[in-house]
Amino acid sequence: MTSALDEFKRGLLDELPLQIGIIPFGLVYGILGVESGMSILETCLLSVILFGGASQIVFAQLVASATPAGVILASVSTINLRHLLYGLSLASYLKNLPLRWRVLLAYLLTDEAYAMSIIRFRSGQPSDYLHYHLLGTGLLLFIVWQISTITGAFLGTAVPASLQLGFAVPLSFIAVLAPVIKRRAEIFAALSAGITALILHDMVWQLWLICAAIIGIAVGWAVSYLDKDNQMEAVK
Amino acid sequence: MSLFVLMCLCGALTFSARFLPLTGWLPAKLPAWFERAMYFVPIAVLTPIITHSVMVTADSGIAFSDNLRLPAAGLAILVALLTRSVIITLIVGFACLWGLNYFGF
């Protein structure tokens, strides 16, 4: 049985390599935020209030194009709907924690923290302190994200666009996902979700993401059901 | 609506999406079919972000040719499968993208 400190340190270490992708992503947002017309303070404040990379970038882009507030709200909500799915898949591990823990971990629940902690949660190694793993992944990400954002906001346009730092986002997710996609159901889920995203890529309010996720989940579920692959429940 | 109020509203909505499932209002034991579906959430959410970031251009087109991100992402997948290392995948992916760009592909 691991201790709370062990889990926290493991979370930090698991999350550490992803920071190579987070730093350029944060820089990109910081630069984009200032370019969109927000002040440096507003750009950095959004990182604290929203704390969601993709939605912050969309927010900045929509502010730059003077989009109505209602559309910005709907867009950000739609993009972050996926966090509802993350929360649901983590609920069985976290729902008995004290309220202050759930509030803190909910705030820190981002794509990258979820991606690393769900692997630990499903590893089958028992621990009473699994939530400390998510605290480690989430907290490290929060700190690095804020520093990167502030740096990007101050750097402004000094970073050349030709570096394509935004490419760090898909590369990070490729590094996390590719090794864990093995079974037929997982391959079908990835292919169906990825192709759906391309087909629906120009939907309003970035709805392509939610639609693709629903299709991917449905296809993965159906194929695993047909394959009688019970591993998906056993890993819980 | 002021920008600050808009930020706060977006923040509140985002936090709600993250926190609601952890409120304990859901049943103690979720149905097996639902838990099976939840297994596919990471794959089904992260893969579209990858394909969209690699394939969709700034003017909302889909680029198969003249898209240097495509071979770089393909190589990154191969490296990720072989090494299971985030750092090496990022380095090789960016090296490929910048290299192809530098040599004028």
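# Briefing: contacts within chain A and between chains A and B

The side chains of A:Asn80 and B:Thr14 are joined by a polar contact of 2.7 Å. The structure is a predicted model. Between chain A and chain B, 15 residue pairs are in polar contact, counting pairs with both residues at pLDDT 80 or more.

- A:Asn80 belongs to helix 5 of chain A, which covers residues 69–80.
- With a relative accessible area of 0%, A:Asn80 is buried, because buried means under 20%.
- Apart from neighbours within four places in sequence, A:Asn80 is in contact with A:Leu50 and A:Ser55, and also with B:Thr14 and B:Ala17.

**The interface of chain A and chain B**

- About 7100 Å² is buried between chain A and chain B, and 78% of it is on carbon and sulfur atoms.
- On the side of chain A that touches chain B, 57 residues are nonpolar, 18 are polar and 12 are charged.
- The contact takes 87 residues from chain A and 70 residues from chain B.
- How many salt bridges does the rule find across the interface of chain A and chain B? The count is 0.

**A mostly covered helix in chain B**

- Helix 2 of chain B runs over residues 32–39 and is mostly covered, with 6 of its 8 residues buried.
- The buried residues of helix 2 in chain B are B:Phe34, B:Glu35, B:Arg36, B:Ala37, B:Met38 and B:Tyr39.

**Aromatic pairs**

- Over all chains, a search of the whole structure finds 14 aromatic pairs.
- One of the pairs is A:Phe51 with A:Tyr107: the ring centres are 5.6 Å apart and the planes are at 35°, so the pair is tilted.
- This pair links distant parts of the chain, 56 residues apart: A:Phe51 is in the loop between helix 3 (40–49) and helix 4 (53–64) of chain A, and A:Tyr107 is in helix 7 (residues 99–107) of chain A.
- A:Phe51 is buried at a relative accessible area of 2%, whereas A:Tyr107 is partly exposed at 22%.
- The rings of A:Trp101 and A:Tyr132 have centres 4.9 Å apart and planes at 65°, so the pair is edge-to-face.
- A:Trp101 lies in helix 7 of chain A and A:Tyr132 in helix 9 (residues 130–155), so the pair ties together parts 31 residues apart in sequence.
- A:Trp101 counts as buried at 13% relative accessibility, while A:Tyr132 counts as partly exposed at 23%.
- A:Phe51, A:Tyr107 and A:Phe142 are linked into a cluster by ring pairs.

**Salt bridges**

- Side chains of opposite charge can pair when their charged atoms come close.
- The whole structure has 3 salt bridges over all chains.
- One of them joins the side chains of A:Glu7 and A:Arg120 at 2.7 Å, N to O.
- That pair links distant parts of the chain, with A:Glu7 in helix 1 (residues 4–15) and A:Arg120 in helix 8 (residues 111–121) of chain A, 113 residues apart.
- A:Glu7 and A:Arg120 are both buried.
- A:Glu186 and A:Arg183 meet through their side chains in a salt bridge of 3.0 Å, N to O.
- Within this pair, A:Glu186 counts as buried at 1% relative accessibility, and A:Arg183 as partly exposed at 26%.
- A salt bridge of 3.1 Å, N to O, is formed by the side chains of A:Asp227 and A:Arg184.
- A:Asp227 is partly exposed at a relative accessible area of 34%, as is A:Arg184 at 46%.

Technical notes
Residues numbered from 1 in each chain as written. Chains lettered and ligands numbered in written order. Heavy atoms only, no water. Helix = DSSP H or I, 4+ residues; strand = E, 2+ residues; numbered from the N terminus. Buried < 20%, exposed > 50% of the residue type's maximum accessible area, 1.4 Å probe, protein only. Polar contact = N/O pair within 3.5 Å; in protein donor to acceptor, adjacent residues only side chain to side chain. Contact = heavy atoms within 4.5 Å. Phe/Tyr/Trp six-rings, centres within 6.5 Å; stacked < 30°, edge-to-face > 60°. Buried area = accessible area lost by both parts, 1.4 Å probe. Salt bridge = Lys/Arg side-chain N within 4 Å of Asp/Glu carboxyl O. Nonpolar A, V, L, I, M, F, W, Y, C, P; charged D, E, K, R; others polar.
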